[in-house]
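The following exercises concern one protein chain. Please work through each task before reading its solution.

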Amino acid sequence: MAPGIEPPTIRSVALPPELQLPPILIVPFSLQEHGIPIDMGYAVAPHHSGVYPVHSQLYEAWKSVWGIKVTSTEEYPHLRPARYRRGFIHNGIQVLPRQTCGLFTHTIFYNEYPGGSKELDKSIRGGELFLTVLLNPISIFMTHLSNYGNDRLGLYTFESLVKFVQCWTNLRLQTLPPVQLAERYFQIFPDERDPLWQNPCHDKRHKDIWSKEKTCDRLPKFLIIGPQKTGTTALHSFLSIHPAITSSFPSPTTFEEIQFFSGANYHNGIDWYMDFFPFPSNVSTDFMFEKSANYFDTEVAPKRAAALLPRAKILAVLINPADRAYSWYQHQRAHQDPVALNHTFHEVVTAGASAPRDLLALQRHCLNPGAYAIHLDRWLQHYQASQLHIVDGALLRSNPVLVMEGIQRFLGVTPIFNYTQALMYDDSKGFWCQRVEGGRAKCLGKSKGRKYPELSSESRAFLAEYYHEHNMDLLRLLSRLGQPLPSWLRQELQSTSWS
């Protein structure tokens, strides 16, 4: 090996089966007779239809009828630039990125190649096609049948490419059957297993490929992202009263929350997500939304949400993180969590690293969401500051009419709905509820407004110290964004500064 030359690198390239066979035309019904495998667990769709953007029925049919395990497309996440094409897995079918080779239905004669035959040879000998093989550990090409008739440009192109690569590089080319190729691909790129769903209507080519029966109108204009135990259910209830605002349909398992961007539901695809929303009566004026409180501190949620809903507005409700932590603990006790039942709140939040795993898990759920600035920063990596609105949870509880006016202005809802007559204070519950016919209060379920003992001074002092730097970070973040400080944050920082 010459000095300075890197050791050989393996590149797996899925070349057309015709390269390994005599250049003869074989009609489909005699494929098995001539030893050409036809049951390889691989299939492609015409014009990429249904592969991406995903049409779930295609995947179901492929699996149940043919047992397909692998397909490919040039469309994920976008056709161009080609170097950014990626793979993903949906419904058990592995989707690999397919590359283009410069041959199309009309390129069947060498001398009539667009731009002249020199353009084809330039692509092969150090140009775009060569670079495709050089820069992609695994390449999949698919050309049209017409490229193997007449001048047999398909054979010429790939034979010339292989010879050039073998002559001028140390790459070792291999071919693998589709299923093995897919396994190898996702070994190299394990982070690509999970897809990142985008809005098909934001890409003209994707919209053209997508089924004409589908629409992007059934997507929310804003999200309530949480965090849990801060008053998000009350906010959801108040917003649902508004005549121009429509909530998602309830989930049979998670009630008013879809929890799409934060967990396993994401793998059901965007068709599943859109089924939770009605067709709007007026797309320009109707404001559809959903609330899933665990979006706030789920690491993958902002990236996923921004990919599908890049123009959405985001509402986050913040209360004193110490109160939020205590409320979560009491929530778990009410749901008979054995860890919460067998440990005091102070034992939970002060548990050391050597404590049992289930105790530390409860501690994380109590404490981690309250590091508000960390989670908001993550959302701001994917959304503009102008798309984020911080709701003062303490003010939402004491003066919801004022808070709802601010939210409507942020969303751009017109005309502003007057919540003065729509809400009333319920003395027995201790919070504001919807006013219904007859002047009665329609409040949230029995689990809301649950009474429990006051947070001990010992635990509050511990949490004040624990959250002090987090609260200072929140102060700096909100000041930078030009957002008003929640009342509880001012009080907390004042009390800790004097202690």
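**Exercise 1.** Determine the strand order of the open sheet of three strands, and state which strands stand at its edges.

Solution. The order is 12-13-14, with antiparallel pairing; strands are DSSP runs (E, at least two residues) numbered from the N terminus, and two of them pair if DSSP finds at least two bridges between them. Strand 12 (423-426) and strand 14 (440-442) each have a single partner strand, so one side of each lacks a neighbour in the sheet. Strand 12 pairs with strand 13 (residues 431-436) over four bridges, and Met424 stands opposite Cys433 in strand 13.

This is a predicted model: local features need pLDDT of at least 70, side-chain atom pairs count only at pLDDT 80 or more, and totals for chains, interfaces and linings use all residues. Residues are numbered from 1 along each chain as its sequence is written, and side-chain values use heavy atoms, leaving out hydrogens and water.

**Exercise 2.** Locate Tyr452 and describe its surroundings.

Solution. Next, Tyr452 is found in the loop between strand 14 and helix 17 (457-481), helices being DSSP runs (H or I, at least four residues). Tyr452 is partly exposed, at a relative accessible area of 33% (buried is under 20%, exposed over 50%, partly exposed in between; 1.4 Å probe, protein chains only). Beyond neighbours within four places in sequence, Tyr452 is in contact (heavy atoms within 4.5 Å) with Tyr326, Ser327 and Gln330.
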